[in-house]
Amino acid sequence: MTTNIMTIEHVSKSFGVRKSLLSSVRVPALDDVSLPLRRGRVLALVGESGSGKSTLARLLMRLDEPSAGAIRIEQGTNEVDIASVPLREYYRRVQMVFQDPYASINPRKRIWQIVTAAASNLGTHAQGDMRRVAEENLDAVGIGHQHLDAFPNALSGGQRQRVCIARALAAKPELLVLDEPLSSLDVSIQAQILNLLLELQRRLGLTYLFISHDLAVVRHIADDVAVMYAGRLVEYGTVEAVIDAPSHPYTRALVASALGGADGKRGARARGELQAATLDQLGCNFLPRCDQADAQCQGQRPSMRAFPDRRVACFRAKPSGNHDGAETCA
């Protein structure tokens, strides 16, 4: 039976934005998000820029604190709030691979020092073992020992991202937060890094939170998919349910735009652009861009509804990709 390594419970995060010299509003970067991270599985988090994906990653890495709700991590037979776990202990279990492999490593450090930075700071290995630790983890990501004493400027972008992955692995984590780890790489290198991540996840039994805007990549790597829009979770389920038979109108627009419909043609983009919500806003966040919105959508916020194959925040959603007829979520 699959257990949750981490559970996100009704988490919100808002920021103050000044409208004028004398007035400001609270803008929710995250609004009542609840998600499980299931042990040994890959959860993909998708959505446009500004949907709240990176904010959630920052909360999981404890770089910010939630405004409301809690994030809980498995500890023995119980779950505890991550805020109660000492940071050194927490970062032994949770590590992150950042989007930009050029900005996320120190150009003045040698490769073996970069790979072992987290392991050294967290005390997961003896200090005298650091070069051996670097060798083992560089081997794991496909980089030879000849690079141990090199500086980052001697490596390509793909090699640098492998170094970032090796650095995360050296701490022996259970959960990796991967924030757009392929987006800054050449297309020819992306497939190599994607296959490496899949192989490591299967061999080491890791759990991934994989943040991406590329649905083709998500379909290849993910077990479960969570779709974010303007700080809210709008659809969650298995990759087969959400990507192959999307129910929420926003998910359907994303899939049609990125992967095409049954005829293989891309299109059907959601009209307009994503707009930040406010805390006192009524109705559905997706209302300005939805062709099927009605009076209920204008006056009432849809909550997540549970179906056998997914959860969807839409009044007109039906399970199993049923989109025929006037009452579907199309």
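Leu-45, leaving aside neighbours within four places in sequence, is in contact with Leu-35, Lys-53, Leu-56, Leu-209, Phe-210, Ile-211, Ser-212, Ala-226 and Met-228; contact here means heavy atoms within 4.5 Å. This is a predicted model, where local features need pLDDT of at least 70 and side-chain atom pairs count only at pLDDT 80 or more, while totals for chains, interfaces and linings use all residues. Residues are numbered from 1 along each chain as its sequence is written, and side-chain values use heavy atoms, with hydrogens and water left out.

Back to Leu-45. The residue lies in strand E3, residues 42-46. Helices (H or I, at least four residues) and strands (E, at least two) are DSSP runs, numbered from the N terminus. Leu-45 has a relative accessibility of 0% and counts as buried. The term buried means under 20% relative accessible area, exposed means over 50%, and partly exposed is in between, with a 1.4 Å probe and protein chains only. One of the contacts, Met-228, is 183 residues away along the chain, yet the two C-alpha atoms are separated by 7.2 Å.

Next, Arg-232, in strand E10. Is this arginine buried or exposed? At 9% relative accessibility, Arg-232 counts as buried. Outside the four places on either side in sequence, Arg-232 is in contact with Asp-31, Val-227, Gln-281, Gly-283, Cys-284, Asn-285 and Arg-301. The C-alpha atom of Arg-232 is also 10.0 Å from that of Val-11, and these two residues are 221 apart along the chain.

Cys-284, in that contact list, brings up the cysteines. How many disulfides does a search of the whole structure find? The search finds 0, a disulfide being a pair of cysteine sulfur atoms within 2.5 Å. For Cys-284, the closest cysteine sulfur is in Cys-297 at 6.1 Å, which is too far for a bond. Cys-284 counts as buried at 16% relative accessibility, and Cys-164 counts as buried at 1%.

Now the backbone. Most residues other than glycine have a negative phi. Ala-230 is not a glycine, and its phi is positive, about 50°. This alanine sits in the loop between E9 and E10 and is buried, at 5% relative accessibility. Arg-62 also has a positive phi, near 60°. Where is Arg-62 found? Its place is the loop between helix H1 (53-60) and strand E4 (68-75). Arg-62 has a relative accessible area of 22%, so this residue is partly exposed.

On to helix H10, residues 249-259. Which of its residues are buried? They are Pro-249, Tyr-250, Thr-251, Ala-253, Val-255 and Ala-256. The cover over these buried residues includes helix H8 (215-221), strand E9 (224-229), strand E10 (232-238) and helix H9 (239-244).

For contrast, take Val-187, in helix H7, residues 187-204. Val-187 has a relative accessible area of 68% and is exposed. Between its C-alpha atom and that of Arg-26, 161 residues apart along the chain, the separation is 39 Å.

Last, the whole chain. It has 11 helices and 12 strands. The radius of gyration is 21 Å, close to the 20 Å that the globule rule gives for 330 residues, so the chain is as compact as a globular protein of that length. That radius is taken over C-alpha atoms, and the rule is 2.2 Å times the number of residues to the power 0.38. Along the principal axes, the C-alpha atoms fill a box of roughly 65 × 50 × 50 Å.

Buried residues make up 49% of the 330. Of the contacts between residues at least 6 apart in sequence, 63% join residues at least 24 apart. The chain exposes about 15500 Å², with carbon and sulfur atoms supplying 49% of that area; the method is Shrake-Rupley with a 1.4 Å probe, and for residues only the protein chains shown count as cover.

As for charge, there are 39 positive and 35 negative side chains, and the centres of the two sets lie 3 Å apart. Lys and Arg count as positive, Asp and Glu as negative, and His and the chain ends are not counted. Each charge is placed at NZ of Lys, CZ of Arg, CG of Asp or CD of Glu.
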